[in-house]
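User: I have not seen this structure before. Please take me through how its parts are arranged.

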Amino acid sequence: MRLRVEFTTEPFDLEEAPAHAVAAREVIQKAQLDAVDVGPFGNTAEGEAGRVLAAVEALLRDSLEAGATRVSLQVNVIGEEMS
């Protein structure tokens, strides 16, 4: 199964990326996921379910430890992997 995760961290800072946003993005960029897209107001990534779920756990832990007061995320099933 493949999943797509979309997430944002708060509080926002329009001047520079806060430590919690940087921490979350680093987790996603290192997670060996597909179609990673990071931006100032939202981030997305796709991949195999186990990798996405592990990345979600790490991004929650790391971004909260780095000062996030809210993490909003959505996970969607996007299809089955072809064998």
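The questions below go through the sheet, the helices, the core and one loop.

User: In what order do the strands of the sheet stand?
Analyst: This is a predicted model. Strand β1 pairs with β3 in the antiparallel sense over 6 bridges, and β1 pairs with β4, also antiparallel, over 9 bridges. Strand β2 (residues 34-38) is joined to β3 by 3 antiparallel bridges. The 4 strands therefore form an open sheet with the order β2-β3-β1-β4.

User: Which strands stand at the edges, and why is one side of each left without a neighbour in the sheet?
Analyst: The order of the open sheet is β2-β3-β1-β4. A strand at the edge has a single partner strand, so one of its sides has no neighbour in the sheet. The strands at the edges are β2 and β4.

User: Which residue of β3 is the bridge partner of arginine 4?
Analyst: β3 covers residues 43-48 and runs antiparallel to β1. Glutamate 6 stands opposite threonine 44 in β3. Aspartate 34 has glutamate 46 as its bridge partner in β3. For arginine 4, the bridge partner in β3 is glutamate 46.

User: Which residue of β4 stands opposite phenylalanine 7?
Analyst: β4 covers residues 70-79 and pairs with β1. Threonine 8 has serine 72 as its bridge partner in β4. Opposite phenylalanine 7 stands leucine 73.

User: How many residues of β3 are buried?
Analyst: β3 forms a hairpin with β2, with 4 residues between them. β3 also pairs with β1. The strand is mostly covered, and of its 6 residues the number buried is 5.

User: Are α1 and α2 roughly parallel or roughly antiparallel?
Analyst: The two helices pack with their axes 8 Å apart, at an angle of about 160°. Angles over 145 degrees count as roughly antiparallel. The helices α1 and α2 are therefore roughly antiparallel.

User: Which residues of α2 make the contact with α1?
Analyst: The crossing of α1 and α2 is right-handed. From α1, the contact is made by His20, Ala23, Ala24, Val27 and Ile28. From α2, it is made by Ala55, Ala58, Leu59, Asp62 and Ser63.

User: Which strands does α1 lie across?
Analyst: α1 runs at about 165° to β1. The helix lies across three strands, namely β1, β2 and β3.

User: Which element supplies the largest share of the largest nonpolar core?
Analyst: This core has 15 residues, and those with the most contacts inside it include Val5, Phe7, Ile28 and Leu33. At least two residues each come from β1 (2-10), α1 (19-30) and α2 (49-65). The largest share is 6 residues, and its source is α2.

User: Which residues does isoleucine 28 touch, not counting residues up to four places away in sequence?
Analyst: Isoleucine 28 is among the residues with the most contacts inside the largest nonpolar core. With residues up to four places away in sequence left out, isoleucine 28 touches Phe7, Leu33, Val36, Ala45, Ala55 and Leu59.

User: How far apart in space are proline 18 and lysine 30?
Analyst: Proline 18 is in the loop between β1 and α1. Not counting residues up to four places away in sequence, proline 18 touches Pro11 and Asp13. Proline 18 and lysine 30 are 12 residues apart in sequence, and their C-alpha to C-alpha distance in space is 19 Å.

How values were computed: Residues numbered from 1 in each chain as written. Predicted model: local features only at pLDDT ≥ 70, side-chain atom pairs only at ≥ 80, totals over all residues. Heavy atoms only, no water. Core = buried A, V, L, I, M, F, W, Y, C linked by side-chain atoms within 4.5 Å. Buried < 20%, exposed > 50% of the residue type's maximum accessible area, 1.4 Å probe, protein only. Contact = heavy atoms within 4.5 Å. Pairing = 2+ DSSP bridges. Axes fitted to C-alpha atoms, helices over the stretch in contact; angles between N-to-C directions. Parallel < 35°, antiparallel > 145°, perpendicular 65-115°, else oblique. Left-handed = near helix turned anticlockwise from the far one by under 90°.
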